[in-house]
Amino acid sequence: MLVNGQWQRKWDPVQAKDSEGRFIRQSSSFTSRLGASDIESGRYSLIVGYICPWATRTLIARSLLGLEEHIDIKVVNPVLTDFGWRFGGFPGATVSGYSGVEYVHQLYTQTQADYTGRATVPVLWDNKGQCIVNNESADILKIFNQDMRVLHQSSIDLRPAAIEDAIDRFNERIYDSLNNGVYRAGFASSQQAYEEAVDQVFAALDQLEELFTNQKYALANGLTECDIRLFVTLVRFDPAYFSLFKTNVRRIEDYPALSAYLERLLQIEAFSVNTRIDHIKSGYYSIKALNPLGIVPKGPDLPWFKYLKEGV
Ligand SMILES: N[C@@H](CCC(=O)N[C@@H](CS)C(=O)NCC(=O)O)C(=O)O
């Protein structure tokens, strides 16, 4: 991480923990929204990693809303280095395109010279101001859906005003137990913290299995932001979390309704084109604290890989 603008120590996934060994995630630092006069086609770039579920939320929204030709993407190498995320050098990864910028942390110090914190993706970058606008995926989803509406080439609304409360309630319900729950299991530093997290993960999955036995999407109204948030965790579960994060009580494949839901979403191009199993596996298994030798497992081979365009 960066401390007063200087890169400290080697990269380490465990951000902070409480006295019982529970993983604590840092909160995001750049949280601006965009006004009408800020919106210009081509002005912003989205810095992402296909490995990262939070970044993939924003990639899927960008595709669903038809923002691809207005916001370009820069993709990091999924393999973590001692200096955090690096650009290029992996199929599907790109160079930064900014002179002298090899690592994501350089974009943070370019924005704020004395920045202290982790240099995370996703980042919404302003090419005009040469600075980070926002590094919180939940906000970037709102920027794309609401602030950039004039640029949309799609009639999809991922957050209809009439059901915003229901969207926020659903998101809240799955964030701690599932989206972040898998990380709390994987990065737990005590048996008790691990078991607590795993139990919550599977309680959430069991409930969702029941929900999707009767419903096509997370909310009965149709596709929303909630489906994006759920999808990015479900799609990483069997290929990575199940073994690396030890969330191995059941696979998503063992849940018929959840598997059908996953396949339903993968038949929508915005979901399949932004899912790269090669990035997901190489990235997660490069976390040295959990897998010191960096060996990437060959399996599993899952039936839904047939929907993926690249990187299987
Ligand atoms: N709150 C952030 C979390 C982003 C995040 O934690 N990204 C991870 C990748 S999955 C990251 O960049 N980690 C690098 C680090 O922690 O140093 C968001 O949702 O945008």
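Y103 lies in the loop between β6 (72-75) and α2 (104-111). Helices (H or I, at least four residues) and strands (E, at least two) are DSSP runs, numbered from the N terminus. This is a predicted model: local features need pLDDT of at least 70, side-chain atom pairs count only at pLDDT 80 or more, and totals for chains, interfaces and linings use all residues. Residues are numbered from 1 along each chain as its sequence is written, and side-chain values use heavy atoms, with hydrogens and water left out.

Y103 is buried, with a relative accessible area of 15%. Buried means under 20% relative accessible area, exposed over 50%, and partly exposed in between (1.4 Å probe, protein chains only). The C-alpha atoms of Y103 and T81 are separated by 9.4 Å. Along the chain these two residues are 22 residues apart. W85 lies in the loop between β6 and α2. W85 is buried too, at 12% relative accessibility.

UniProt, in an unreviewed entry, lists W85, R118, A119, T120, V121, E136 and S137 under "binding site". UniProt positions are given in the numbering used here, feature names are shortened, and annotations may be inferred rather than shown by experiment. In the model, 16 residues surround the ligand. The closest are W11, C52, R118, E136 and S137. A residue counts as near if one of its heavy atoms lies within 4 Å of the molecule. The shell divides into eight nonpolar, five polar and three charged residues. Ala, Val, Leu, Ile, Met, Phe, Trp, Tyr, Cys and Pro count as nonpolar, Asp, Glu, Lys and Arg as charged, and the others, Gly among them, as polar.

| Residue | Protein atom | Distance to a ligand oxygen atom |
|---|---|---|
| R118 | N or O atom in the side chain | 2.7 Å |
| N135 | polar backbone atom | 3.5 Å |
| S137 | polar side-chain atom | 2.6 Å |

On its own the ligand has 520 Å² of accessible area, and the protein covers 92% of that. Accessible areas come from the Shrake-Rupley method with a 1.4 Å probe.

**Aromatic rings.** The structure holds 22 aromatic pairs. Rings of Phe, Tyr and Trp (its six-membered ring) pair if their centres lie within 6.5 Å; planes under 30 degrees apart count as stacked, over 60 as edge-to-face and the rest as tilted. The ring centres of F23 and F187 are 5.3 Å apart and their planes stand at 50 degrees, so this pair is tilted. F23 lies in strand β4 (residues 23-24), F187 in the loop between α5 (181-186) and α6 (191-214), so the pair ties together parts 164 residues apart in sequence. F23 is buried at 5% relative accessible area, and F187 is buried at 6%.

An unreviewed UniProt entry places "domain: GST C-terminal" at residues 160-284. Over residues 160-284 the chain is 71% helix and 0% strand. The end C-alpha atoms are 34 Å apart.

**Backbone exceptions.** Most residues other than glycine have a negative phi, and most peptide bonds are trans. The V121 to P122 bond is cis, with omega near 5 degrees. P122 sits in the loop between α2 and β7 (123-126). G299 and P300 are also joined by a cis peptide bond, with omega about -5 degrees. P300 is in the segment after α10 (277-284).

N4, not a glycine, has a positive phi of about 50 degrees. N4 is in the loop between β1 (2-3) and β2 (6-7) and is exposed at 52% relative accessibility. Q130 has a positive phi near 55 degrees. Q130 is in the loop between β7 and β8 (131-134) and is partly exposed at 35%.

Notes:
Polar contact = N/O pair within 3.5 Å; in protein donor to acceptor, adjacent residues only side chain to side chain.
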